[in-house]
Amino acid sequence: MTTPKTALLVALLAAPAGAQTDSGDRQPSRSPEYGADALGASTERFLQEDGEALYLTVCAGCHQPQGTGAVGAGVYPPLAGNPMLEGSRYPAWIIVNGMAAMPSFGDWLSNAQVVEIVTYIQSNLGNDWETDLTAADVEDLREAPPSE
């Protein structure tokens, strides 16, 4: 048997965010920020241009905000202090083309955005390596085999 309290609770939970109540008042939206700008991405690409913002949006979910990596549903290698990332072409190729469990972000990031992420990784997260990657280098890596 449905009680009045249960019926009210079901009605409130079923009402879409921002829906009007019987009194005509609008309920507040569940999320005041929404859309591509709040997410930092559209359905076609990432919107940020700054290396740190891109890293936090694209990379930190798996590699962690401080680049420490993680083990759980998968193995996400650390980027902090990782000597494999000293050369800029290797991380750029992986970002563009993907490798093993890491997906390709080539369709979502411009050449300039890839440069920004690699520059951020090489000069932050406990790394202090010289960055010499250019947008033209990234363009060349988009179709390059892994050995280049």
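Predicted model: local features only at pLDDT ≥ 70, side-chain atom pairs only at ≥ 80, totals over all residues.
Reader: Which residues make the contact of α4 and α5?

Author: From α4 come Pro 91, Ala 92, Ile 95 and Val 96, and from α5 come Val 114, Ile 117 and Val 118.

Reader: What makes up this contact of α4 with α5 by residue class?

Author: Ala, Val, Ile and Pro count as nonpolar, so the contact divides into 7 nonpolar, no polar and no charged residues.

Reader: How do you know how α3 and α5 are oriented to each other?

Author: The axes of α3 (residues 51–63) and α5 (residues 111–123) cross at roughly 95 degrees and come within 8 Å. That angle lies in the range of 65 to 115 degrees, and α3 and α5 are therefore roughly perpendicular to each other.

Reader: Which residues of α3 and α5 are in contact, and how do they divide by class?

Author: α3 brings Gly 51, Glu 52, Leu 54, Tyr 55 and Cys 59, while α5 brings Gln 113, Glu 116, Ile 117, Tyr 120 and Ile 121. By class there are 6 nonpolar, 2 polar and 2 charged residues.

Reader: How much space lies in the largest pocket, and what lines it?

Author: The largest pocket holds about 500 Å³ of space. It is lined by 22 residues, and the closest to its centre are His 63, Pro 77, Leu 79, Ile 94 and Met 102. The elements giving two or more residues to this lining are α3, β2 (75–76) and α4 (89–97).

Reader: What is the class make-up of that lining?

Author: The lining of the largest pocket has 20 nonpolar, 2 polar and no charged residues.

Technical notes: Residues numbered from 1 in each chain as written. Heavy atoms only, no water. Axes fitted to C-alpha atoms, helices over the stretch in contact; angles between N-to-C directions. Helix = DSSP H or I, 4+ residues; strand = E, 2+ residues; numbered from the N terminus. Parallel < 35°, antiparallel > 145°, perpendicular 65-115°, else oblique. Contact = heavy atoms within 4.5 Å. 1 Å grid on protein atoms, 1.4 Å probe; cavity = no way out; pocket = protein on both sides within 12 Å on 5 of 7 lines; lining within 4 Å. Points joined across faces, edges and corners; volume = space filled by probe spheres on them.
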